[in-house]
Amino acid sequence: MSDCIFCAIAAKDVHGRIVHETEHSLAFLDVNPLAPGHTLVVPKDHYARLDDLPEEISADLWRTVDELVPRVEDAVDADATNVGVNNGPAAGQEVEHVHVHIVPRFDGDGGSPIHAVGGTRPDLSDEELDDIETAISN
Ligand code: 5GP
Ligand code: ZN
């Protein structure tokens, strides 16, 4: 897509600190990192959301994430990582080109677990939970 910053990085039209590349995926450092080593893994082609990804591209993306997590942790001597996707604007996605965040975490760094992403916690009845269970499994 012509006005997409991650497409421009993938096309090497815009400089990115690229740390790994496969046939379908690219990994580069986040320009505004939440922690040293904060890395983004993206498909080279433009897809807005996870469910837009063809199977082969999705498999390559997640394989790349799997490979990079220990490399990122080792590189910055992290104790752990948060790995996540803001999948859609309502979830906080600002760049509408799929990207997986790998955020290194350090003991006592003052950050939050992934549970912190939710809004007010819902108080769901057993019937509502039954309906959700059925809706997802169908
Ligand atoms: P989102 O909120 O869409 O999940 O996250 C977008 C991420 O992309 C942010 O963490 C932001 O710092 C990063 N980002 C935005 N523009 C650029 C850029 O031009 N280069 C790089 N390397 N990262 C970017
Ligand atoms: Zn794009």
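The accessible surface of the chain comes to about 8,900 Å². Carbon and sulfur atoms account for 49% of that surface. These values, like the others below, belong to a predicted model. The chain carries 8 positive and 28 negative charges. Along the principal axes, the C-alpha atoms fill a box of roughly 50 × 40 × 25 Å.

Now the fold. Three helices and five strands make up the secondary structure of the chain. Read from the N terminus, their order is α-β-β-β-α-β-β-α. Of the contacts with a separation of 6 or more, 53% join residues 24 or more positions apart. Of the 138 residues, 32% are buried.

What do buried nonpolar side chains tend to do in soluble globular proteins? They tend to be buried together. Here the largest nonpolar core has 13 residues. Val41, Leu53, Leu61, Val65 and Ile102 have the most contacts inside this core. Two elements give two or more residues to the core: α2 (55-76) and β5 (100-105). Helix α2 gives the most, with six residues. Val65 shows how the chain comes together here. Leaving out residues up to four places away in sequence, Val65 touches Val41, Val83, Val100 and Ile102.

How many aromatic pairs does the chain have? The count comes to one. A pair of aromatic rings is described by the distance of the centres and the angle of the planes. For Phe6 and Phe28, the centres are 5.3 Å apart and the planes stand at 70°. Planes over 60 degrees apart count as edge-to-face, so this pair of Phe6 and Phe28 is edge-to-face. The partners come from distant parts of the chain. Phe6 sits in helix α1 (residues 5-10) and Phe28 in strand β2 (residues 25-29), 22 residues apart. Are these two residues buried or exposed? Phe6 is buried, with a relative accessible area of 8%. Phe28 is buried as well, at 2%. Both values fall under the 20% cut-off for buried residues.

Helix α1 also holds Ile9. Ile9 has a relative accessible area of 7%, so this residue is buried. Beyond its neighbours within four places in sequence, Ile9 is in contact with Val14, His15, Gly16, Ile18, Leu26 and Phe28. Thr22 gives a further reference point: Ile9 and Thr22 are 13 residues apart in sequence and 14 Å apart in space, C-alpha to C-alpha.

Last, the backbone. Most residues other than glycine have a negative phi. Lys12 has a positive phi, near 65°, and is not a glycine. Lys12 lies in the loop between α1 and β1 (18-21). Its relative accessible area is 48%, so Lys12 is partly exposed. Asp77 also has a positive phi, of about 55°, without being a glycine. The loop between α2 and β4 (80-84) holds Asp77. Is Asp77 buried or exposed? Asp77 is exposed, because its relative accessible area of 64% is over the 50% cut-off.

Key
Residues are numbered from 1 along each chain as its sequence is written. Chains are lettered from A and ligands numbered from 1 in the order in which they are written. This is a predicted model: local features need pLDDT of at least 70, side-chain atom pairs count only at pLDDT 80 or more; totals for chains, interfaces and linings use all residues. Side-chain values use heavy atoms; hydrogens and water are left out. Helices (H or I, at least four residues) and strands (E, at least two) are DSSP runs, numbered from the N terminus. Buried means under 20% relative accessible area, exposed over 50%, partly exposed in between (1.4 Å probe, protein chains only). Contact means heavy atoms within 4.5 Å. Accessible areas come from the Shrake-Rupley method with a 1.4 Å probe; for residues, only the protein chains shown count as cover. Lys and Arg count as positive and Asp and Glu as negative; His and the chain ends are not counted. The place of a charge is taken as NZ of Lys, CZ of Arg, CG of Asp or CD of Glu. A nonpolar core is a set of buried Ala, Val, Leu, Ile, Met, Phe, Trp, Tyr and Cys residues joined through side-chain atoms within 4.5 Å. Rings of Phe, Tyr and Trp (its six-membered ring) pair if their centres lie within 6.5 Å; planes under 30 degrees apart count as stacked, over 60 as edge-to-face and the rest as tilted.
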